[in-house]
Amino acid sequence: MTKSELIEMLARKQPHLALKDVELAVRCVVDHLSDTLASGERIEIRGFGSFSLHHRSARLGRNPKTGDSVSLTEKHVPHFKPGKELRDMVDASREKYKIVD
């Protein structure tokens, strides 16, 4: 699902709201979540999951195309850990939706 698909789905479920209002609400939520993570804070949405930052130390990597060594700097990367309710819901749907590789 893309952000535009989410906006369309929410607008269909809430017909009393204008599409622009739904779009603004989704954009505000995504912007606030991004700003919060960028400031180093953790986000927890009970039943859904939590977003946090993981630290990656500086290391020597490889360019997969050439095989040359590349020096990689340390960085923070976003990390999502699903909550128990989300994990259980996804697991319960495994019979309904087959996973294809």
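**Helix packing and domains**

Modeller: Helix α1 (residues 3-13) packs with helix α2 (residues 19-38) at an angle of about 130 degrees, and their axes are 9 Å apart. Keep in mind that this is a predicted model.

Biologist: So what do we call the orientation of α1 and α2?

Modeller: Oblique. Angles over 145 degrees count as roughly antiparallel and 65 to 115 as roughly perpendicular. The angle here is about 130 degrees, so α1 and α2 are oblique to each other.

Biologist: Is the crossing of α1 and α2 left-handed or right-handed?

Modeller: Right-handed.

Biologist: Which residues meet there?

Modeller: From α1, K3, L6, I7, L10 and A11. They meet L19, V22, E23, V26 and V30 of α2. Of these contact residues, eight are nonpolar, two are charged and none is polar.

Biologist: Switching topic. What does the domain assignment give?

Modeller: Domain 1 (1-40) and domain 2 (41-100). Their centres, taken over C-alpha atoms, are 22 Å apart. Five residues of domain 1 and seven residues of domain 2 make the contact.

Biologist: How much area is buried between domain 1 and domain 2?

Modeller: About 580 Å², with 76% of that from carbon and sulfur atoms.

How values were computed:
Residues are numbered from 1 along each chain as its sequence is written. This is a predicted model: local features need pLDDT of at least 70, side-chain atom pairs count only at pLDDT 80 or more; totals for chains, interfaces and linings use all residues. Side-chain values use heavy atoms; hydrogens and water are left out. Axes are lines fitted to C-alpha atoms, for helices over the stretch in contact, and angles run from 0 to 180 degrees between N-to-C directions. Helices (H or I, at least four residues) and strands (E, at least two) are DSSP runs, numbered from the N terminus. Angles under 35 degrees count as roughly parallel, over 145 as roughly antiparallel, 65 to 115 as roughly perpendicular and the rest as oblique. A crossing is left-handed if the near helix is turned anticlockwise from the far one by less than a right angle, and right-handed if clockwise. Contact means heavy atoms within 4.5 Å. Ala, Val, Leu, Ile, Met, Phe, Trp, Tyr, Cys and Pro count as nonpolar, Asp, Glu, Lys and Arg as charged, and the others, Gly among them, as polar. Domain bounds come from an automatic or database domain assignment. Buried area is the accessible area (1.4 Å probe) that two parts lose on being put together, summed over both.
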